[in-house]
Structures are given as structure tokens and as C-alpha cells.
Amino acid sequence: RHQITDSQVQLSFSYDHSSARFYIDVHQASCLIPCHSDGTPPDPYVETHLKHGSITMTASRRRTSTMSKTRDPHFDERFEYSVSYSKVKKLEVQLIVHSSSAREGTFRTLLGEVNIPLKSVNINQSEKVWYGLQARSSSRQRFSMVDSALGFLNSMLPGSH
């Protein structure tokens, strides 16, 4: 996987030892790629999953609200998980940003993703950190993202209107 845009998402993680609760705070995203070649901003939302190795824990799926037509959405949403501290440090957060635009027959468009191993995160302090979004390894989705980004950039060139 590789980063193909300047798209990023700001998150913080925390753990409450007294209640054995793990929290993911999705604060905002920036520089999300347009979904269409005409430069239309996406209707983004964020999905999170907890993973243990290559296994995604399906009951761990959470989703933010959808923001309308913005490349720089502010979510400020918190997701809560009941999980022991020792188990949390063995997990990975998979975060996926989609656009829910129902334009041109598509239900959603992948804008990027990032996987964050929690063993590398200090969950005892709630610190806001920016994470770069990457293309999914599937070539079809990667080319879809590249085509969207290139189409937008081409539309910004002089004489392309």
C-alpha cells in the first residue's frame, strides 16, 4: 500500500482502565480526493473496524455520520469498545474513508484507508494525531482513486473548462 494523495484523517485513542473501555475519536479529515472528474467534493464518512491479525472483528464496525460535499469534514465522533487493556494492545484499527455519493450509479467510493497497530500507540494519553490515507491494495480500487484524482487535477488546468 502506498499513499497517493495528501488525504489524511485526525484521530485520537484512549483507554479508561476503571471501566475497561477503549475509545476511538474521529476528529476530522483533510484534502480528501474528489469523487468525480468534474471536481465534485465527496460526501465522506469514516468506518472503523478492530482487527486481530488478518481477522476483522465484524461486531467492531462503527461508522460516522456522512458529511455533505466537503473535502475537509469535521466529524468529532467517538466510538466505544468494551475490551481489556491487554487485548487492545494486540489489535489493529482499520479505518476506511468512503464517499456515499449515489451519483453515476455508484453507491460509495473508496477515498482511502489506514491500518494502525495499537501496540504503537499510547492509548493512556488522548493525543490527536494525523494519519495519511492510503490506496487499498486492490488494483481496481487503486486505479479508481487515481482516475478520480487525475480527472480532478486535469479539470483544474487552464483551458479545460
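Select valine 9 and look across to S2, where its bridge partner is alanine 29. The model is predicted: local features need pLDDT of at least 70, and side-chain atom pairs count only at pLDDT 80 or more, while totals for chains, interfaces and linings use all residues. Residues are numbered from 1 along each chain as its sequence is written, and side-chain values use heavy atoms, with hydrogens and water left out.

**The sheet with S1 and S2**

Now select residues 8–16, strand S1, and residues 21–30, strand S2 (strands are DSSP runs of E, at least two residues, numbered from the N terminus). S1 and S2 run antiparallel and are joined by 9 bridges. With S8 included, the open sheet has 4 strands in the order S5-S2-S1-S8, and its pairing is antiparallel. At its edges are strand S5 (74–82) and strand S8 (129–132), each of which pairs on one side only.

Colour the side chains of S5. Phe75, Glu77, Phe79 and Tyr81 point to one face and are buried (under 20% relative accessible area, 1.4 Å probe, protein chains only).

Go to isoleucine 24, which stands opposite phenylalanine 79 in S5. Beyond its neighbours within four places in sequence, isoleucine 24 is in contact with residues including Phe13, Thr48, Leu50, Tyr81 and Val93 (contact means heavy atoms within 4.5 Å). Ile24 is also, with Phe13 and Phe22, among the residues with the most contacts inside the largest nonpolar core, which has 30 residues (buried Ala, Val, Leu, Ile, Met, Phe, Trp, Tyr and Cys joined through side-chain atoms within 4.5 Å). S1, S2, S3, S5, S6 and S7 each give two or more residues to this core.

**The other sheet**

Select S4, S3, S6 and S7: in that order they form an open sheet of 4 strands with antiparallel pairing. Strand S4 (55–63) and strand S7 (109–117) are its edges, each pairing on one side only. Between S3 (residues 44–52) and S6 (residues 92–99) there are 8 bridges, in the antiparallel sense. Zoom in on lysine 51, which stands opposite glutamate 92 in S6.

**Confidence**

Last, colour by pLDDT, the predictor's confidence in each residue, from 0 to 100. The mean for the protein is 84, and 77% of its residues reach 70 or more. Finish at residues 138–147, where pLDDT stays under 50 and the model has 13 contacts beyond four places in sequence.

Key: Pairing = 2+ DSSP bridges. Buried < 20%, exposed > 50% of the residue type's maximum accessible area, 1.4 Å probe, protein only.
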